[in-house]
Every structure is written in structure tokens, then in C-alpha cells.
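The selections below are meant to be made in order.

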Amino acid sequence: MDGREEELLPFFQSVIEQDQSAVVICSLDHRILYMNPAAVSRYERRGSSLVGTSLLECHNARSREMIQKVVSWFAEARENNKIYTFYNEKENKDVYMVALRDQEGELIGYYEKHEYRNLETEAFYHF
């Protein structure tokens, strides 16, 4: 490494903080480590109180089983990094689980990423 990690950290944090889609970051033991503001708002019923709890507690038995299978799949190969988990028709969005890996490629956690399919209605460069 070139020692730039500390310098870049605020930039990476800002990217996640500014993302308007919910991002929930979990450890390998399924503990919620971080929720960006969009996730806190989305799950405001419990909001940031979910940080530190098990993601598995928020899901039914079938979902818990699939989450554990996905994490096992992530661990099988460094190329296994993203999987499509759900389409929410009401919100017109796709939901993915994405592997988080350290600098050596070892699995360290995962996150849930929401990607909306709606066309942007804002005008270009609308100040």
C-alpha cells in the first residue's frame, strides 16, 4: 500500500453518506456495522438503533437462510462478489448483496445495495 488509505477514507465515507439509496454494511457474523442516512431513513421505525444488532433478526427464516447461503458463496471464491437478491416492484428497484473484501481479497463483510430503475426527471445541471 502507498499510505493513501487514511487520506482517501473521508472521500469513501462521503460517497456512501451521499448515496440516496440505502446502504447497510454488515460483518461476517451479520452484525450491522453501519447504515448510511438513506438506510436510517428507510428503516426509521428502528433507524440507527439497528447498528450493532444482527441483520438476521430483521428477516424471516427463508431470508436468513438465503443471506447465510450468499455469504458462504462469497467465501467460496474471490470472484463471487455481487448477487441479485430481490426486485421491489412497488419501488421499481433491484436489491443486491455485495461482498466487502480487504486489500488482500479476503472476505470481511457484505452490504445491501438498492438500485432504483426510475429515469431521472431532474434537468441536466439544474442549479
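This is a predicted model: local features need pLDDT of at least 70, side-chain atom pairs count only at pLDDT 80 or more; totals for chains, interfaces and linings use all residues.

Residues are numbered from 1 along each chain as its sequence is written, and side-chain values use heavy atoms, without hydrogens and water.

Select helix H1, residues 5-18; helices (H or I, at least four residues) and strands (E, at least two) are DSSP runs numbered from the N terminus. None of the 14 residues of H1 is buried, where buried means under 20% relative accessible area, exposed over 50% and partly exposed in between (1.4 Å probe, protein chains only).

Next, select Val24, Ile32, Leu55, Phe74, Met97 and Tyr110, which touch the most other members of the 17-residue largest nonpolar core. Such a core is a set of buried Ala, Val, Leu, Ile, Met, Phe, Trp, Tyr and Cys residues joined through side-chain atoms within 4.5 Å. Helix H3 (61-76) is among the elements that supply at least two residues of this core, and H3 gives the most, with four.

Move to serine 21, in the loop between H1 and S1. Serine 21 counts as buried because its relative accessibility is 9%. Beyond neighbours within four places in sequence, serine 21 is in contact (heavy atoms within 4.5 Å) with Asn36, Ala38, Lys113, His114 and Tyr116.

Finally, select phenylalanine 124, in the segment after strand S5 (107-116). Phenylalanine 124 counts as exposed, because its relative accessibility is 79%.

Technical notes. The expected span of a helix is 1.5 Å times one less than its number of residues.
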